[in-house]
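Subject: Structure for you to look at

Hello,

Here is the structure I said I would pass on. Please open it and keep it beside this message while you read.

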Amino acid sequence: DGCGHTVLGPESGTLASINYPWTSPNSTVCEWEIRVKPGQRVQLKFGDFDIDDSDSCHSSYLRVHNGIGPNRTEIGKYCGYGFQMDGLITSKSNEVTVQFMSGIHTSGRGFLAAYSTTDKSDLITCLDNASHFSEPEFNKYCPAGCVIPFADISGTTPHGYRDSSSLCMAGVHAGVVSNTLGGQINVVISKGIPYYEGSLANNVTSKVGPLSTSLFTFKTSGCYGTLGMESGVIPDSHITSSSILEWPNQTGQVNIWKPENARLKRIGPPWAAFISDEHQWLQIDLNKEKKITGIITTGSTLAEHYYYVSAYRILYSDDAQKWTVYREPGMRKDKIFQGNTELYQEVRNNFIPPIIARFFRINPLKWHQKIAMKVELLGCQFSLGRAPKITLPPPPQKKNDKNADFMDDFIHSVKTSLQTDKTTFTPEIKNTTVTPSVTKDVALAAVLVPVLVMVFTTLILILVCAWHWRNRKKKSEGTYDLPYWDRAGWWKGMKQFFPTKSSEQEETPVRYSSSEISHLRPREVPTMLQTESAEYAQPLVGGIVGMLLQRSTFKPEEGKESSYADLDPYNSPIQEVYHAYAEPLPVTGPEYATPIIMDMSSHPSTPLGAPSISTFKAAGNQAPPLVGMCNKLLSRTDSASSAQALYDIPKGQLGPGSADQLVYQVPQSMTHPTVSKDE
């Protein structure tokens, strides 16, 4: 009467003392006999051990024996509060006896242990969770029987499970391992999420969980896609049933809950059987053989019709004539799947190993009010051959051998497997957390995304460099500076490629006095100062200071200096003006022109006729200052008398005269006391 939770599978299992994890009752005893296949040995691992040791293991203890029956030999006797047994207890044969004795005590939870064959070196117990392991990815072997009422899990697949959840119990919920068989799990640890959903799957209820630092998921075979009920890939004609519920509503309209209504998440009524008994069924034709790994069911999903199926069997066939009831390997009974507990919630059940068949039938066994349901099948395409036939080991020669009972059970299990050979092999475990088609897309995205990022980054760098180079160029030129290609240095570099002008074609230097400029209107001064561009800088004229600080950079022509004539700007003919280039200064002189500073005599406030100082040193006699209009600048001609400057002919004169005899017409807008008219 001291046996607690117990599942003894053919290769692994779980056992616990009565009332675990609470204090075990006094004076109780339990004995487990464990037998595995001949030629193998048993290993035992404790997940928790808490047995009273007040009398040195005399009345309360756990004892492990090699073998079964009177010929067994003791391996060890154990007791103690919080006893840590990190290692494994290994038998010498394929049989082990575990004996638990509870005496008089006031505390002590008892124990929980797992066993497996010795080839499962990575065995864990049902109490282990993800926080017990530091690796980001690891493989472990879960024993059978890890659906225990005192363990909790939070989360669901494929989003992940909270790190405090039992690894093996979560594996059963995810459909990775079977509770009756156990199996290998491949666990991946990742960052936690703020909220974990709850669901019911494989008779395990996952609870809603809060934020955690990490979570874990499982790598699976990847064969968990929908097979076409919800999407409509399976046509209505391929969905049939034993009967159909028909009933009139309040308006007299007949409602027919046909089998094609049994599509998961389809809005509207479900399929419902006309008669609710254990002989009803819903059948789905997949058109060809498929690998079916699971099923999802709901109730009617109509609040006014609280109908659902709470338990059912699964049958499958290749020809819709001969049907096979689904059983787990080694089991003599049909597997009964837990259905819904209410009409809305989706409940998932997985087939381990998967079913290989074309025709699939659901046989409801328990229901609420009426048989009504919506379903979806999970799985993938099946392209592999049939599973190989299992070769039976030779039967024992002696009937009275101590392994005879075990061999009878094993042969029966093999015969059962042969009848359902399409569902007995274990699928290959691969890393298929996502479906294969999604994996290809992920691989393609892994190549394209870095390429696109590099292209966009390169374009941005080019634009930034171009903008930076443009700003530096503007900054180097200055706000009011000339563009780079208009600077003197560039022109000097290009000028060497042009032919040199002859001395006869040189332009005459510009000559003008400040007194003449002082008589100009302000708007006429810029016009008078405009000249064509020359290689040497032109003198700057202004009425600021009346003395020359340094010598001029312009050297006038030798000989008689031509005077300036006052011409009428309105009536005088326009003559083409040529300016000679100034002779360059000696090598020892400055390279650039010296600013020209004029005296204040040219200022408008200075009395008319006041003498002015020319900014240029002239050779010969200085021409008398003339009052009136600004003189038109003259140029050297190509004639023999090019040394003399020809002045414009005054208005009314027939020809040129001497400079002393010339009288020029003064514009009407200006007056002068010494002007003489010839007209």
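Below is what was found in it, taken part by part.

The model is predicted, so please read every value below as computed from a prediction.

**The nonpolar cores**

The largest nonpolar core has 27 residues. Those touching the most other members are Ile295, Ile314, Phe351, Ile355, Phe360 and Ile362. Four strands each give at least two residues to this core: β22 (282–298), β23 (308–317), β26 (347–368) and β27 (372–381). There is also a second, separate core of 25 residues, and Phe138, Ile153, Ala174 and Phe216 are among its members.

Which residues is Phe351 in contact with, leaving aside its neighbours within four places in sequence? The list is Ile292, Thr293, Gly294, Ile295, Ile314, Tyr326, Phe337 and Phe360.

**A sheet and the helix on it**

Next, find the open sheet of five strands, which run in the order β10-β13-β16-β12-β11 with antiparallel pairing. Its edge strands, each pairing on one side only, are β10 (137–142) and β11 (155–156). Further in, β13 (residues 183–191) pairs with β16 (residues 214–218) over five bridges, in the antiparallel sense. To see how these two strands line up, look at Val188, which stands opposite Thr217 in β16.

Helix α1 packs on this sheet and touches β10, β11, β12 (160–162), β13 and β16. The direction of α1 makes about 50° with that of β16.

Is α1 mostly covered or mostly open? Helix α1 spans residues 167–174, and eight of its eight residues are buried. They are Leu167, Cys168, Met169, Ala170, Gly171, Val172, His173 and Ala174. For background, an α-helix has 3.6 residues a turn, so residues three or four places apart point the same way. Just after α1 comes Gly175, which takes a positive phi of about 85°.

**The disulfides**

How many disulfides does a search of the whole structure find? The search finds five. If the bonded cysteines of the protein chain are numbered in sequence order, they pair as 1-2, 3-4, 5-7, 6-8, 9-10.

- Cys3 and Cys30: the S to S distance is 1.5 Å. This link is right-handed, with 95° about the S-S bond.

- Cys57 and Cys79: the sulfur atoms are 1.6 Å apart. This link is left-handed, with -85° about the S-S bond. Cys57 is in the loop between β4 (42–50) and β5 (61–66), and Cys79 is in the loop between β6 (73–78) and β7 (89–90), so the pair ties together parts that are 22 residues apart in sequence. Cys57 counts as buried at 13% relative accessibility, and Cys79 is buried with a relative accessible area of 13%.

- Cys223 and Cys380: the sulfur atoms are 1.9 Å apart. The torsion about the S-S bond is about -100°, so this disulfide is left-handed. The pair links distant parts of the chain, 157 residues apart, with Cys223 in the loop between β16 and β17 (225–226) and Cys380 in strand β27. Cys223 counts as buried at 4% relative accessibility, while Cys380 is partly exposed at 23%.

**One threonine**

The last item is Thr97, in strand β8 (residues 95–102). Why does Thr97 count as buried? Its relative accessibility is 0%, and buried means under 20%. A polar atom of the Thr97 side chain lies 2.7 Å from the backbone oxygen of Gly67. Leaving aside neighbours within four places in sequence, Thr97 is in contact with Glu31, Trp32, Glu33, Arg63, Val64, His65, Gly67, Ile68 and Arg72.

Regards

Note on methods. Residues are numbered from 1 along each chain as its sequence is written. This is a predicted model: local features need pLDDT of at least 70, side-chain atom pairs count only at pLDDT 80 or more; totals for chains, interfaces and linings use all residues. Side-chain values use heavy atoms; hydrogens and water are left out. A nonpolar core is a set of buried Ala, Val, Leu, Ile, Met, Phe, Trp, Tyr and Cys residues joined through side-chain atoms within 4.5 Å. Buried means under 20% relative accessible area, exposed over 50%, partly exposed in between (1.4 Å probe, protein chains only). Contact means heavy atoms within 4.5 Å. Two strands pair if DSSP finds at least two bridges between them. Axes are lines fitted to C-alpha atoms, for helices over the stretch in contact, and angles run from 0 to 180 degrees between N-to-C directions. A disulfide is a pair of cysteine sulfur atoms within 2.5 Å. A polar contact is a pair of N or O atoms within 3.5 Å; within protein, one must be able to donate a hydrogen and the other to accept it, and residues adjacent in sequence count only if both atoms are side-chain atoms.
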